[in-house]
Amino acid sequence: MKSRRFAGRSRHALLMVLAAAAAMPATGQAAQDFDPASHPKVEQMIEHLSSQGLDRKALIRAMDDATHQQSIIDAISRPAEGRLSWEKYRNIFIQPSRVSAGVQFIIDHRQAMQRAEDRYGVEPEVIAAIIGVETFYGRHKGSYRVIDSLSTLAFDYPKRADFFRGELEAYLTLTLQQGLDPLSLKGSYAGAMGYPQFIPTSYQAYAVDFDNDGIRDLWHEPVDAIGSVANYLAEHGWQHGKPIMIPAAVDGSPNQQIDFNAVSTPDQPVSRFEQMGLRPKKSLSADTKVMPLALDFEDGHKRYAFGLNNFYVITRYNHSHLYAAAVTTLAERIHAELARDN
């Protein structure tokens with residue numbers, strides 16, 4: 001009797017689960033199905049893109065094959081820049097292996113690096129550091145199909161749907177125009193692509209054919225990636241030979257009025273912060289515009305610094321002070337190792 005009652009309860013529980021599943025709204029399925037025939041917003045996008053000359057059948061094929069990935073929503077909801085201390089974030093990217101690989105990347109592409117510095121005014125170690133942080137010099141370009149990442153975020157992530165819909169449109173446009181298969185290319189969970197992890201609109205705006213083969217290929221051509229990173233930084237105001245980040249010291253406790261780690265155009269002179277007890281450890285003219293930084297460690301202490309114009313330019317690539325500090329640190333160590341080798 002006891003086992004019969006247990007079996008009865010199990011059957012009842014199963015029926016309840018099945019009933020709940022049957023009652024779920026159709027949007028649950030729509031979130032995993034971007035077939036334009038059953039997804040009006042996808043159909044609207046295809047109409048827009050086909051009116052601009054893109055092949056309608058190719059667009060339908062791409063979106064019909066795209067799939068919703070919940071892991072993408074989970075990942076973008078918890079970015080490392082928002083939950084890690086500087087110490088933990090730094091330890092991900094600043095390792096001897098990544099430094100030595102950056103040195104080798106510069107050596108392997110010395111001519112392209114020199115051309116990029118001559119044309120765009122961006123130092124080789126900075127270009128290498130960007131690519132090193134993004135993909136370990138092309139070793140880790142991402143495991144998500146870009147079509148899945150961008151479709152999921154464009155149609156199933158309301159918080160930033162408009163932004164990612166624009167990126168999806170840009171991705172479909174650039175792949176179809178360049179004769180690439182939009183279903184085969186992989187990238188990050190946010191749709192960043194290739195050696196430098198450009199999002200599609202950045203690819204359109206800043207990618208360059210730096211090896212002069214007629215194609216802007218950031219997936220397979222490191223030389224194109226080198227020129228494209230340099231072009232991106234130059235277009236955002238990079239200043240050749242200028243410092244990026246300068247260490248600072250606090251006299252006593254930091255002034256509560258100082259807004260540390262606020263990523264915005266440096267618009268306050270260093271003299272203002274000196275008056276509040278935060279001073280640079282290297283000489284700066286009093287009117288130099290700076291961004292105050294406080295990099296936190298697991299034991300609770302902080303390392304203070306000032307980010308300058310070039311630091312802000314790096315944050316145009318990724319809007320995080322942790323990211324810019326990691327790129328800066330990696331670039332400094334690559335430069336130091338190159339100097340020792342020479």
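Visitor: How many residues lie between strand 6 and strand 7 in the hairpin that they form, and which residue in the turn has a positive phi?

Guide: In this hairpin, 5 residues lie between strand 6 and strand 7, and glycine 300 in the turn has a positive phi of about 100 degrees. The model is predicted, with local features requiring pLDDT of at least 70 and side-chain atom pairs pLDDT 80 or more, whereas totals for chains, interfaces and linings use all residues. Residues are numbered from 1 along each chain as its sequence is written, and side-chain values use heavy atoms, without hydrogens or water.

Visitor: Why are strand 4 and strand 5 called edge strands?

Guide: The open sheet has 5 strands in the order 4-6-7-3-5, with antiparallel pairing. Strand 4 (268–269) and strand 5 (278–280) each pair on one side only, and they are the edge strands. The protein has 16 helices and 7 strands, these being DSSP runs numbered from the N terminus (helices H or I with at least four residues, strands E with at least two).

Visitor: How do you know that the span of helix 11 is close to the expected one?

Guide: The expected span is 1.5 Å times one less than the number of residues. Helix 11 (residues 161–177) has 17 residues, for which 24 Å is expected, and its first and last C-alpha atoms are 24 Å apart. Just after this helix, glycine 179 takes a positive phi of about 70 degrees. The buried residues of helix 11 include Phe164, Leu168, Tyr171 and Leu172, and the elements that cover its buried residues include helix 3 (40–51), helix 4 (56–65) and helix 10 (146–156).

Visitor: Why is alanine 62 called buried?

Guide: Buried means under 20% relative accessible area, exposed over 50% and partly exposed in between (1.4 Å probe, protein chains only); alanine 62 has 1% relative accessibility, and therefore counts as buried. Alanine 62 belongs to helix 4. Leaving aside neighbours within four places in sequence, alanine 62 is in contact (heavy atoms within 4.5 Å) with Ile147, Leu172, Pro182 and Leu183.

Visitor: Why does serine 320 count as buried, and what makes its approach to leucine 322 a polar contact?

Guide: Serine 320 counts as buried because its relative accessibility is 7%, although the residue is in the loop between helix 15 (309–317) and helix 16 (321–341). A polar atom of its side chain lies 3.1 Å from the backbone nitrogen of leucine 322. A polar contact is a pair of N or O atoms within 3.5 Å; within protein, one must be able to donate a hydrogen and the other to accept it, and residues adjacent in sequence count only if both atoms are side-chain atoms.

Visitor: How confident is the predictor in the protein, and where does pLDDT stay under 50?

Guide: On the pLDDT scale, which gives the predictor's confidence in each residue from 0 to 100, the protein has a mean of 90, and 90% of its residues reach 70 or more. Over residues 1–32, however, pLDDT stays under 50, and the model has 5 contacts beyond four places in sequence for them.

Technical notes. Pairing = 2+ DSSP bridges.
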